[in-house]
Amino acid sequence: MKKKLLLFFVLSIISLNSIFAQSRKITGRVTGADDGQPLPGVSIKIQGSDRGTQTDADGKFSIAGVAGEKLVFTFIGYTAQVLTIEGNANYSVKLKSDTRLLTEVVVSDGYVTRAKKAYTGAAATVNGRENENKPFSTPLQALQGEVAGLNISQNSGQPGANMQVRIRGIGSIGADSNPLYVVDGMIINSGDLSRLSTTTNVLAGINQNDIESVTVLKDASATAIYGSRGSNGVIVITTKKGKSGKTQVRFDAEMGSTSNLSLPDAGKPATADQYRTLFLEGLNNYNQIPANAKSQFDVPQTTTSYGLNGKSNNWYDLVTKNGKQQQYNVSLNGGNEMTRIFASTGYFKQEATTVGSNLKRITGLLNIDHTISKRFSLGIGLNFSNVNQNTPSNGGGFANPILSAYFLRPFQLAYNDDGSLNSTRTGNTNFPSVYNPLYIAQNDKKTDSQTRVLGNATLKWNIWDELKYTSYVSIDYNVLEERQFNNAIMGDGRTSGGRGYDYYTRAFNWLTRNQLSYRWNVPNISDFYVDANVGYEAQKSRAYFITSNSNLYPATQPLLTNSINASTPIAGNANTSDYTYDAVFAIVSANYKNKYVLSGSFRRDGSSRFGSSQAFGNFPSVGVAWNVDQESFFAVQKILSSAKLRASYGLTGNSAGLSNYGWRPTAGYGVNYAGSPGQNFNNIGNVNLGWETAKQLDIGVDFGFFNDRLTFVVDYYNKNIDKLILLNPVSLTTGFSNINQNIGAMTNKGFEFAVKGIPVKTKDFTWTTSFNLSLNKNKVTQLVNHAPFLNGNFQVQEGKPFYTWYARQYAGVDPANGDALWYTDGTKTATTNDYTKAQRVAGKQADPKAFGGFNNTFSYKGITLSADIYYNYGNYIQDAWAQYLNDGTQYTFNKYASNMNRWTTPGQITDVPKYVVGGVNNGQSSSFSSRFLYKGDYIRLRNLTIGYDFKDLAFLKKLGISKLYLYGRGTNLWTKTYDKRLPFDPEVGALVNNATTNQILYGVSNLEVPQVKTYTIGLNVGL
Amino acid sequence: MKINKFIYVLIAGAVVSTSCKKSFLDQKPPAAVNIGDAIKTESDMSDAVNGMFNASRSSSLFGRDIPVLGDVLADNAYISSSNSGRYLQENNYTYIVTNAEANNIWSQGYYTILQANRIINTALPTSTAVGLYKGEAYTTRALVYLQLANFYSTPYTVNPGADGVPLVTGYQGAYTKPSRSKLADVYAKIISDLDSAYAIMPPTATSSEYMNKYAAKALQARAYLYKGDYANARDAALEVVNKGGYTLLTAAGFAAYWTNPGPVTNKQETIFELALTNITNNGTAGLDYIYNPAGYGDILSTDPLYNLYSATDVRKSLIINGKRSGAQAYIVNKYSNVSNPNDRDDLKILRYSEVLLTLAESYARLGDMVNALKYLNQLVAQRDPSLVYASTGDQLISDILTERRKELAFEGLRFFDLKRTNVTINRPVEANSAPSITTIATDNFRRLLPIPQAETDVNKSITQNPNY
């Protein structure tokens, strides 16, 4: 038992060094003067000697000293303070912040909290204050562009949608490259837990205003403590804690509206006139083809049947409208030295512009910290949320309102002559295939009510000053109540007499952690200590699913959608899905004068998700830091005000891509027949399946100028990921299409560059700015037998980025006859009009080469103007539905207006082929090719806020109001794209694997609810 | 003091080192069993048979793609110009290696074969039940191979030495990459599987949703017919007719037969059908849904097929002279339970009528016109009282094929009759058809579906069909 050995090791260190405190012991606590928060890592020295110490995570210190000696407290971001030792032995020290930047003073990774200077990892912290009240339905949206190396993109504008989050590039190829999320020490179930809704996100339950800080752990030194789950990086969210002092009450209110982002010209659906022109031209072109001599379209009859000369409507306008945006938050913060409380409650509502897409959220947070006695303290946290969403279908569903907006012909009429919604299914001016989205929005439901309780308790026991024991237990309890109702008249429920689904999903996840921390001050060397932590952690997640489905509802009782009203039960079943993790870990750090820091971590992880031959994995890391500014020679120069060099190397894993039972070759039940139970060999399994591993090197430098008014953080990393789990296609004759294997390797190498500064600071005017740039180069380095393979529309090939489009190369239109042409191969020397004769060529990448943010805040007296810009460069994105929306192949659907540029006359140069019903090139002209890949580059103004702080208004003080801030805000106000042909918003992200085709929909538009602009006005009141 | 500290440390250490049991990491799947433990009892094997039939009734196989292609690629059905976007490449003979149906039939076919192989290769003590289950697996394997051979290969009647499909008779791990067996070998395996099944199966099943030995024999008659081995086809069909105990569907019972969504237990007409229920069905991907206007209703009967039925033919009632998108259309009403909340139409796989037609054709081709007419007229008498055949020779064979077309329309068999007889497929010009071609000569390479690109990308031992 390795962990027992570890324990003995620790015990022997402790017993050897328990002799301490020869002179009088001075103890105390250091807090910030502004907020009363404890300051860990404050350096304390006895003036004129080489004795010194640092404060611990609770801001406490103890040092030996005699009366009359002077203690010097120094801490980055705070003014140094000197205190003379007098008669008493306990001191409370309050440090004042200085004018320098106050960011990133401590780093808390969920296991230990360290002063930034004593931290060897690459981590960035975003103060929650920076994103408070932003009108985003998940806190992730606000993080976009704020942290170098953190790439966040949204593929749906559905409020509460799941997001694609990548730290330092794609960490995995299988399902999951998302980072691990930790909230107040708890490794939570994250992402989309829904089974019925189009898209949901667990993090939508966290109120941005309850967040104290978000720390993004990036390198191995920072993430290896998370072992087999650390390699995609870790996002550590810390909620607000109570502070002692006067009770503060805060009230925030914000109201506004959402509206459409403007459609790119290339993405506008054809108008009625345009569609008529295309359709008639397509029919005539078809009839003129000699081979069709026997199957002529009757043009006048078709014109009548499709109502081409009748009334029309604009579907995009019909399915989108302005929506409401509002939020209200109240918080209370107070307490004393014994007990501190933070309590808050919030309400958030957002309607997307797409009909039927919305979110409402209620949140509550209660954090209590209580000092039981000198040696014991207890912290309890409770975070409650309820998120209600209505999520219309996406993708190819006929009930998808966005699909309807593009696919429905302008001559299919939403309303009857009497003003009622058209629900007729026959006739080409009605809805024989794609449904009337307005009727669906009014009569169908697709809702999710997600309730979450995150609770944790921490008991700290200072066994003696150097030895601490922390016991932590946390639960993460999620309940999703998902309901879908499809009416009997039109839509997916029409053949079932109406149908309803009720899905109940419970995910109960508990974690317990017991940790011993020991600080050993190396004898006879001042300011040299070793900080060791060992612990044991166990986690189990238990999911429980109830699924019911019923048909045949009362025909004309639209309100009676509960399944109790249905007459035919179709499905009623329950299932479970569990996973466990079991780990021992150790974290050791040696710190000499805050000058040299050497740290190491080790975790041994076991999981039920690992194949039977791979039960445990070991994950070590080592990191060093050199705070050059602590060297005496540093003072010689006057240019730099601070400098720190960092380096780390370590091994981390990713097991989030492993399904709970996926490694087992199994025969699954549930494949029933004629009312009897059935089993099939349906999971190919792989007993050798293990976690993916990443070996990451990070070299970083942090430096500052002008008393740190201008700071830089630069990191280089080289992340070698191997044992990548790939769905390796197998011969279909095995009965399977692919197998999960640890076969691949790839690298992510990159630079991160972050600058923060206060270029101007005068009495009345301040300009703060920050800019970050992330450059990542992803490269696949090893495949089975070095053989390239196909992954949907990507070719995976050694030496190229994983997401490399593999497309036939479009060569434009043959000026002679209007056929689409493709290059026969990558040399682009010859063209063909036969799609099948054109070779696919690996080319552009779907992952951005560079991205980042540029944020500025200007304050003049009480007025504040801030602007956050996000940019993304170097990726190509696909229009997944191009085949339907271009050319005449699928002529019964409406088209992009850009089809008006079609070839019409010999000699004409254009890139849109001749419009023929049934299509040209054997109907292949609009099949996937480089024609439907677009530059994904963009710059977006994510947030623009103008506010005024009503300071020092006498009448407010009379009312007891200490703070009043009024602001107006707009989000997504402006987007610049770089491809005129791009028919949709460039932020498309990645979708999860399409279960039926195993195609990874990455970098594609999938007719999702589009993102929105918001305009809001808000008010912050402090009492 | 120091002792106290040690006690504290020991307490804390004990808590830290408390580890969970090994079983904590062994989380058993809640809805599956390890494959080695999956079939241990007769009941397990029964479950596996159900699973195999569940795989068979997938819309990628007999649940839609196979029967649809069998008629749309032939001259019985076409895709309306008002459609949901499905089967357009088939309607126009423009499919390529990435065609969804070519991929689905192949992959779901081998998935079903995997399930059948598992049952066949599991050793359980011999019993009536085990004989039944293994027989059902043999028959299903033969059924799927016959479909695959007919879709992906040159007809046996044209070239028995042509490439067939890979013969997989047991799971050899994930990494096997078999090449195509010769068509003759595939047929030999189909016939021997059916012999194996016939030898071990009981004569009667619980209902037409399960198989008995005559299902194996009826399928064997079809296989021999496709092979052009008419003597054996005749013998197999006769075995069913003489010993099977089936009764022919009568004219009086015809309408009720087709509106009944469920199984029969009286051996009337249906030899085997795949069950679809109100709970276990293919939903919007179902065969009923693609034919019936209450669903997509994309697929319509061709005018010439409709016109083949005389006014007195009871089968004419299965096609409605109606409208689609305002234009006249012949709407297929063979699968009428699309909106039935209590049950959905089963998928007819083997019917007694087909056996009679096979028997008649075999006799005719062997020169026994008397017997050929006997069985032909036995069927026709129950379909069209005004019709009695008296033709001989090639005309009789042609008449039998016409009756086969009329009887089995929209059940997915027409294309194979046109393939094995190796004739040009003449499709009518339909006013409101999605793009289509009218003449498919015998040398049109698309009479063979492409081997899916997903297979050829992985399996370099496999040969693609010509011209793809």
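Tutor: Strand β30 (residues 666-669) of chain A is joined to strand β1 (residues 32-34) of chain B by three bridges, and the two run antiparallel. Within β1(B), A32(B) is the bridge partner of G668(A). This is a predicted model, in which local features need pLDDT of at least 70 and side-chain atom pairs count only at pLDDT 80 or more, while totals for chains, interfaces and linings use all residues. Residues are numbered from 1 along each chain as its sequence is written, and chains are lettered from A and ligands numbered from 1 in the order in which they are written.

Student: What makes β30 of chain A and β1 of chain B a pair?

Tutor: Two strands pair if DSSP finds at least two bridges between them. Here three bridges are found, so β30 of chain A and β1 of chain B qualify. The strands themselves are DSSP runs of E with at least two residues, and helices are runs of H or I with at least four; both are numbered from the N terminus.

Student: How many residues of each chain take part in the contact?

Tutor: The contact takes 83 residues from chain A and 82 residues from chain B; two residues are in contact if their C-beta atoms, placed from the backbone, lie within 7 Å. On the side of chain A that touches chain B, strand β26 (residues 568-592) gives the most, with 10 residues. By class, this side of chain A has 32 nonpolar, 44 polar and seven charged residues. In that count, Ala, Val, Leu, Ile, Met, Phe, Trp, Tyr, Cys and Pro are nonpolar, Asp, Glu, Lys and Arg are charged, and the others, Gly among them, are polar.

Student: Why are β10 and β14 of chain A said to stand at the edges?

Tutor: Five strands of chain A form an open sheet in the order β10-β15-β16-β13-β14, with mixed pairing. β10 (123-127) and β14 (186-187) each have a single partner strand, so one side of each is left without a neighbour in the sheet. For β10(A), five bridges join the strand to β15 (residues 211-217) of chain A in the antiparallel sense, and T125(A) stands opposite T215(A) there.

Student: Which strands of chain A form the open sheet of three?

Tutor: The order is β46-β45-β49, again with mixed pairing. β46 (933-935) and β49 (1004-1005) each have a single partner strand, which is why they stand at the edges. Strand β45 (residues 876-879) pairs with β46(A) in the antiparallel sense over three bridges; Y876(A) has K935(A) as its bridge partner.

Student: Why is P392(A) called buried?

Tutor: A residue is buried if 20 or more other C-beta atoms lie within 10 Å of its own, exposed if 12 or fewer, and partly exposed in between, with C-beta atoms placed from the backbone. P392(A) has 28 C-beta neighbours inside 10 Å and therefore counts as buried. This proline is found in the loop between β21 (376-390) and α7 (401-407) of chain A. Beyond neighbours within four places in sequence, P392(A) is in contact with residues including T198(A), T354(A), K446(A) and V1009(A). The C-alpha atoms of P392(A) and S197(A) are separated by 8.0 Å, although these residues are 195 apart along the chain.

Student: Is Y93(B) buried, partly exposed or exposed, and what makes it so?

Tutor: Y93(B) has 19 other C-beta atoms within 10 Å and is therefore partly exposed. Y93(B) lies in the loop between α4 (88-91) and α5 (100-120) of chain B.

Student: Which annotation covers residues 416-827 of chain A?

Tutor: UniProt, in an unreviewed entry, gives "domain: TonB-dependent receptor-like beta-barrel" for that span; such annotations may be inferred rather than shown by experiment. In the model, residues 416-827 of chain A are 2% helix and 62% strand. For residues 24-225 of chain B, UniProt places "domain: SusD-like N-terminal", also from an unreviewed entry, and that span is 51% helix and 3% strand.
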